[in-house]
Amino acid sequence: MQVNIQTLHHSEDEFGTITVLDDGECRILAFAPNDEQSRCLKATPHVLQYEYTQAMLLVLLFCQPKRVLILGLGGGSLVTALHRHIPGIHITAVELRATVIDVAQRFFQMPRSKRLQIIQQDADDFLNSAEIRKVDVVFADLYHGDGVDHVQLRADFIARCAANIKEDGWLVMNCWTEQREDPLLRDALRAHFTDIRTVLTGSKNWVIIAGKTPDFQTTRALKDTAEHLSASLGFSLIRSLMRSRALGE
């Protein structure tokens, strides 16, 4: 059956194009031709559609966050999922491009809430701010039309993320499979985090989940928690859990 795809929005800024598509069931955000930055199922916008974003929420097995920082907004899928799933959570999301913020609110059902603060700013500059309140989790997902923004692979960026995370907090990063062989990235993570787990997804995203203090839960306990959370999240965490490995394995 042929799918009729509509273009709901198309614009350009100094960083490139921004396009919103609708295929009837989903809204799609793209920064380049044949690109997908975000996908939102209109009937259930809080249910994450990509395997890599689902893997990013493995952090909920190790942490019950009350305050999180999201670097890179996209269509706001992580914002929407966390806001729906965790009552009382406070979310700060930082996005460089004003139009991306606008389309996330207009087309992707991102919540408007007193518990959600959206800041238009370069993520690296934001981390240098002296007035940031430390958070339980930092989610770093900085991408553009050509792929991962290499700022989030730098040692100084990792250090600034770590400085803004509580002593028992976690960093979650979305990278590509080629970053698995980056020794500088591995060294930067090990300099600040003691419990570093990774998930290589079927789409070749490489998700890093790094904790400042080690988590000693058994595999059975983690599976039990994953099964419990999966029911409310609307997708299974078990696949991502079974793909998770310690850094270097």
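**Cavity, pockets and a helix pair**

Author: β4 (38-41) and α2 each supply at least two residues of the lining of the largest cavity. The model is a predicted one, and a search of the whole structure finds one cavity of 30 Å³ or more.

Reader: Which element gives the largest share of the lining of the largest cavity?

Author: The residues that line the largest cavity include S38, R39 and C40, and among the others are S77 and T80. By class, the lining of this cavity, which has a volume of about 70 Å³, divides into five nonpolar, six polar and one charged residue. The largest share of that lining, three residues, comes from β4.

Reader: Which element gives the most to the lining of the largest pocket?

Author: About 700 Å³ of space lies in the largest pocket, and of the 39 residues that line the largest pocket, the closest to its centre are Q37, D141, L142, Y143 and H144. The elements that give two or more residues to this lining are α1 (51-56), α2 (77-85), β6 (90-95), α4 (123-127), β9 (143-144) and β11 (165-176). With three residues, the element that gives the most to the lining of the largest pocket is α1.

Reader: How many residues of the lining of the second largest pocket are charged?

Author: The second largest pocket has a volume of about 230 Å³, and of the 16 residues that line it, those closest to its centre are T92, Q117, F126, I132 and R133. Two or more residues of this lining come from each of β5 (67-71), β6 and β7 (116-120). Sorted by class, the lining of the second largest pocket has seven nonpolar residues and four polar ones, while the number of charged residues is five.

Reader: Are helices α5 and α6 roughly parallel or roughly antiparallel?

Author: Helix α5 (residues 155-163) and helix α6 (residues 183-192) pack with their axes 9 Å apart, at an angle of about 25°. Angles under 35 degrees count as roughly parallel, and therefore the arrangement of α5 relative to α6 is roughly parallel.

Reader: How many residues of the contact of α5 with α6 are nonpolar?

Author: In the contact, A155, I158, A159 and A162 in α5 meet L185, A188, L189 and H192 in α6. The residues of this contact include one polar and no charged residue, and the number of nonpolar residues is seven.

Terms used
Residues are numbered from 1 along each chain as its sequence is written. This is a predicted model: local features need pLDDT of at least 70, side-chain atom pairs count only at pLDDT 80 or more; totals for chains, interfaces and linings use all residues. Side-chain values use heavy atoms; hydrogens and water are left out. Axes are lines fitted to C-alpha atoms, for helices over the stretch in contact, and angles run from 0 to 180 degrees between N-to-C directions. Helices (H or I, at least four residues) and strands (E, at least two) are DSSP runs, numbered from the N terminus. Angles under 35 degrees count as roughly parallel, over 145 as roughly antiparallel, 65 to 115 as roughly perpendicular and the rest as oblique. Contact means heavy atoms within 4.5 Å. Ala, Val, Leu, Ile, Met, Phe, Trp, Tyr, Cys and Pro count as nonpolar, Asp, Glu, Lys and Arg as charged, and the others, Gly among them, as polar. On a 1 Å grid over the protein atoms alone, a cavity is a set of points where a 1.4 Å probe fits but cannot get out, and a pocket is an open set with protein on both sides within 12 Å along at least five of seven lines; lining residues have an atom within 4 Å of a point. Grid points are joined across faces, edges and corners, and a volume is the space filled by probe spheres set on the points.
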